[in-house]
Structure formats: structure tokens, C-alpha cells
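Reader: I am new to this structure. Please show me how to read its main features.

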Amino acid sequence: MESETLFKEEEEPPGPLTGLVNVENKVSDFFLFNAELSQSYPTKQKSDRVLFPFKDSARSRLFRTRHYPDITRLEWFDWHWQMRNAIREVETLSQIINLSDNERQAMMHHSGALPVSITPYYASLLNPNDPSDPLRRCVIPVVDECLHTEGEEEDPLCEDVDSPVPGIIHRYPDRALFLVTDTCSTYCRYCTRSRIIERSHHHLVDFNKWERAIQYIAGNKNIRDVLLSGGDPLTLSDEKLEWLLMRLHKIPHIELLRIGTKVPVVLPQRITPALTAMLKKYHPLWMSIHITHPKELTPEMSAACIRLADAGIPLGSQTVLLADINDDVVTMTRLVHGQLQIRVRPYYLYQCDPIPGSSHFRTPISKGLEIIQGMRGHTTGYAVPTYVVDAPGGGGKIPLLPEYAIGWENGALLLRNYEGNIFRYPDNHAKLKDIH
Ligand code: SF4
């Protein structure tokens, strides 16, 4: 059988199980891993099941044998198994994570819109003994979620106002956002769309709604770019996703399709050869991957991204700036450097949207500017994302930059460089008001 040749069981590391290990990869680890990838890529596929023919990491093996001793390696690599066994209940989670009283209270009395769901794979990345672990804070609720502060709104970006038909947000004239599902495999506690998550029956697709959305796009010749989002489009089956891509791809005025997803990070097993073989039929297809912290850059996630990149899909990242999770220059620099090694271009750094119960995640704007200033000029230009505020009230994404143009004097623009030194550029035709 093909699967037997793809998975050669390795010896488990010797010695007692000591819990989670450091999952972040060194540069050399990535390159070693890439060499293995090129050898193990299969030439034939049969289905979208259990074909993630990469080595699992030591961390993953330890976690699986400790918490899922009856689960085979093939089941662990089956994304359907990961979805079916996503951790949603406090009883299950507490067998894996030493929950703090705060987390336990938040889960037991949870009444907000956003359910709890964590794939076993992503649970393997959480530090079971540290409630301040950055990934743990992203997916396990705390009681601060019940705290609603001034300025927070269910729909802070007023997306519903720009929704001409269900599932479509048409804010910018030439682009449409198509919310194709309300399901994700793992829910981020700061999700901008928490108001719509899991509002329909789990995994049921409303084809009538899709049809109306496609008709809307087909009837608007201004739309040249469609972004599939949700929820997470990669939680759909290959067949359903292909049906959508095929229909959109056939519309003559659509030049570009994009997918927004966190699946390569929380469910890398989903990135099967069958999926990438299907996706590459619908080029130009771009992908924005939601990545939060360097701890997420595991061998499995790296393999998933490299597989997508090898399918010709340009990859960008979207990162939400989160207090005490990734809001410092060192963490953000480690994150963007790791991304470039797996061919993911840092794209947007978002100021956290003011959804209800998000104040414990939000940072001052000055923190985002400080991070951009700490990276721009100090590292590869490709590594620096655009810092944006998605303006409450529906103003769209507004980029923010530290002040590099600081004045205009005697026909020259005064510029501050990354080291703080001032330079003059002769610019007799411009006025300072033109650049601010
Ligand atoms: S993956 Fe995206 S849509 Fe899903 S919960 Fe996280 S932020 Fe929300």
C-alpha cells in the first residue's frame, strides 16, 4: 500500500516522557527538513485522506503516545481525525493541560459567541503548565473575555453594512470577500468574526447561499479579485472547495483568487498532495496564512507551507498584534525570519480589532509602530509587514508607519533613517503637506 511506503515508523525517542519540548526550529533544521521533503513527495495520490507524508516531530510523537496512545500515526496525520477529535470540552482539555482556575472558570461559564475548539495537533504545541504560554492564551478563554469595554462592537468593521447578499462583503470596488463557511478547526479568542462563527449547523454548506454569492460576483464586472475566507475555507472538503474555485475561476472578469486560512498552522495535516494538486488548477491563486508566534513554526507547519509554495501558490502572512503574546521586536523578528525560510512573505500586521471581550489582547498603537521601527532597516525588507488598523466603522485597512519624513526645509525633504540620522532629499516640487 502507498501509505506503508510513505510512513516508515521511526523509533520513539528513548527515556521517560517529559512533556513538551522546544518546538521552534533553528535555521539548519529547516534546511535539513527541506531536503527530506523533496525525497518524500509522492508521485501518486488516491484521496485527501492520510497523505501527509512527512516526518512528524519528536514533540508530536511524545504528545501522541502520552495522550492518544491508541491512535496510530496514520490517524494522527488524517486531518479528518484531527477535526473530529478537536478538543471542545473542559473535561477533555483538563486531561492535557493543567488548567488555571481562571481558564477553568472561563470555560465552564462560557456564554460568548465563540466556542472553544483546539485540534489535538495544536494542543500539542501548548505548554501544559504555563497559563501565560503565548499559544495557550490564543485558544483557551480566560474570564477577561466577559469584560466588555467602551468602543468594543460585535461587528467593529461594520462588515454587515457592506454585505449586499449573505456571505459577501463588498467594501472595496474591485475586490469581494466571500465568507464560504463559519467553521474553523481551532478558534482564536480574538477572532474578528466571532459573531458569525458556528452559527449554522456544523459543516453543513448552504449551496443556495453560495449560488447567490457567485451570482453577485458574476454580475459585478468591477470585481477582479475574490478572497475566500470565513471561518476557514480549508476546513471544506476538496470537492466542495474545488466546486467553489471552479465556479469563480470561470467568471471572465475574475483575475485573481485568494484564500485566507489558519489551517497550515493549526491543522497542517490538511495540506495533502491531493489538495495542492487541486489548488494548482486554479491559478493565479494566492494564500494569506494567519500566523501568530514563532512557536507555531513547527516541522509540520513548515512542511505544509513548503508544499503549498511548491504548488506555485504565493504565500503571505497575516499576524494580529497581541499583548504579551507577540508584541515585542524580538518575538516578531523571530517570527518573520522563520516565515521567510518557509517561503511565507510577512504581509499584514494587524492592530487587534475591538470585538467584545478583547481588551486583554489589545496593545497601544505605539507598540505596533515601535515594532515596525525595530524591524525596518534592521532586517530584510521582505521581512517587514505592513502595520494596519482596520478602521472601526468600515473605513478599511489604514497603514501606519513610524515618522520617517520629518519636515520640509528650503526645498528639501528631511528624512530620518533607521539609525535615527537625518538626511535631506532635494525635492523642489513637493510641499510637506503633500506627504503627510
Ligand atoms: S482562524 Fe480566523 S476565522 Fe478562524 S477563529 Fe481564528 S481568526 Fe477567526
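Predicted model: local features only at pLDDT ≥ 70, side-chain atom pairs only at ≥ 80, totals over all residues.

Reader: What is the average pLDDT of the protein chain?

Author: pLDDT is the predictor's confidence in each residue, from 0 to 100. The protein chain averages 87, and 85% of its residues score at least 70. Over residues 1-48 the pLDDT stays under 50.

Reader: How many helices and strands are there?

Author: Helices (H or I, at least four residues) and strands (E, at least two) are DSSP runs, numbered from the N terminus. The protein chain has 17 helices and twelve strands.

Reader: Which strands stand at the edges of the sheet?

Author: Strands of a sheet pair through backbone hydrogen bonds, either parallel or antiparallel. Two strands count as paired if DSSP finds at least two bridges between them. Here nine strands form an open sheet with mixed pairing, in the order β1-β2-β3-β4-β5-β6-β7-β8-β9. The edges are β1 (168-169) and β9 (396-399); each has a single partner strand, so one side of each is left without a neighbour in the sheet. Inside the order, β3 (residues 225-229) and β4 (residues 256-261) run parallel and are joined by four bridges. One of the bridge pairs is D225 with L256 in β4.

Reader: Which residues of α3 are buried?

Author: A residue is buried if 20 or more other C-beta atoms lie within 10 Å of its own, exposed if 12 or fewer, and partly exposed in between, with C-beta atoms placed from the backbone. In α3 (residues 58-67), the buried residues are S60, F63 and R64. Seen down the axis of α3, they fall within an arc of 100 degrees (taken from the directions from the helix axis to the C-beta atoms), so they line one face of the helix.

Reader: Which residues are around the ligand?

Author: A residue is near a molecule if its C-beta atom, placed from the backbone, lies within 6 Å of it. Around the ligand are C184, Y187, C188, C191, R193, G230, G231, D232, K262 and H290.

Reader: Where is there a cis peptide bond?

Author: The bond from G230 to G231 is cis, with omega near 20 degrees. G231 is in the loop between β3 and α11 (238-249). Another cis bond joins H283 and P284, with omega about 0 degrees.

How values were computed. Residues numbered from 1 in each chain as written. Contact = placed C-beta atoms within 7 Å.
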